[in-house]
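The sequence and coordinates are shown first.

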Amino acid sequence: MFYRCKILNVNFPSSMSLGTFVKHLPFSKPKTSLPPQRLNFKSLTTTTTCVTRSSSYFETLNSRQKDQIHLYVDALLQWNQMNLTAVNEVNEVMERHIEDSLAIIPPIQNSYISSCNNSFDNLRIVDVGSGAGLPGLVLAVACPGWEVTLVESMNKRCLFLEHAVSLIGLSNVQVVRERAEKLGQDSNFRERFDVAVARAVAEMKVLAEYCLPLVRVGGLFVAAKGHNPQDEVKSAERATKLMGASVLQLCSVESHSPHGQRTAIICLKNRPTPRKYPRDPGTPTKEPL
């Protein structure tokens, strides 16, 4: 089943809610909803894939949100002596990072509505291994009703994130300096989030152990990956299952990045994560499941 949509280049007033905003996007609704299921890898590219297309996600933002993004990009480049990103041109940051980060909003919205049966206007999001704030900080700008927690273990990156949040004027963002493995065992964070996202952090079977313990039962884990992640998804099947989840679908996103098409891997958490997970810091990477 392929799900196709196109987002028009229009501006919406700042008072518009996320729900109303998304209703204005001309998504083509699938004829039947996609139920939670374990992937059949033989039919991976045909039965559990959606396609999202857009001329520019940035152009759908209102003027205030665009100004906030520009402030963020300027700060990112000014602080880039800390190696926050490999790119150092505004246009490249916009294409490679901003558009890619915004591109996962429609897959989150569509999967959450169809599988979680809840409103997506006020989600609790955790961005694991946020780095320079991608995608979490960008999501917080685009979706001001979402409460976004940026998890980053490196102090210098956290200093930048706190600076960027203050500079932009975001009240819906929390920066947490900690290892994902420790937060997953902390009752204040364990299974507290509706959606966990991760971009350019680790391979899928490692990400599953980082992210899924933080997601509530019935919530989603969304991993932003490259063009052809099927082998990585298959390799992570055991880890995903051990964490209490199953892969819901792969959503291909037409990217403006020079790296071409991107894929959002969307997992649905079906049951609580066993208490022994996540394991001690460093273990998921050294001994992946």
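## Strand 4 and its neighbours

In this predicted model, valine 148 lies opposite valine 173, a residue of strand 5. Strand 4 and strand 5 (residues 173–177) run parallel and are joined by five bridges. Together with helix 7 (residues 155–168), strand 4 and strand 5 form a β-α-β unit that is right-handed.

Strand 4 (residues 147–152) also pairs with strand 3 (residues 124–128), again in the parallel sense and over five bridges. Within that pairing, valine 126 has threonine 149 of strand 4 as its bridge partner. The chain passes from strand 3 to strand 4 by way of helix 6, in a right-handed β-α-β crossover. Of the six residues in strand 4, five are buried, leaving the strand mostly covered.

## Helix 4

Helix 4 spans residues 90–102, and its buried residues are Val93, Met94, Arg96, His97, Ile98, Glu99, Asp100, Ser101 and Leu102. Several elements cover these buried residues, including helix 3 (63–78), helix 5 (105–116) and helix 6 (136–142). Strand 6 (193–199) and strand 9 (262–269) are also among the covering elements.

## Cysteines

How many disulfides does the structure hold? There are zero. For cysteine 267, the closest cysteine sulfur belongs to cysteine 211, at 9.5 Å, so the pair is too far apart for a bond; the cut-off for a disulfide is within 2.5 Å.

Cysteine 267 is buried, with a relative accessible area of 0%. Cysteine 158 is buried as well, at 3%.

Technical notes
Residues numbered from 1 in each chain as written. Predicted model: local features only at pLDDT ≥ 70, side-chain atom pairs only at ≥ 80, totals over all residues. Heavy atoms only, no water. Buried < 20%, exposed > 50% of the residue type's maximum accessible area, 1.4 Å probe, protein only. Helix = DSSP H or I, 4+ residues; strand = E, 2+ residues; numbered from the N terminus. Contact = heavy atoms within 4.5 Å. Pairing = 2+ DSSP bridges. Right-handed = clockwise from strand over helix to strand, strands pointing away.
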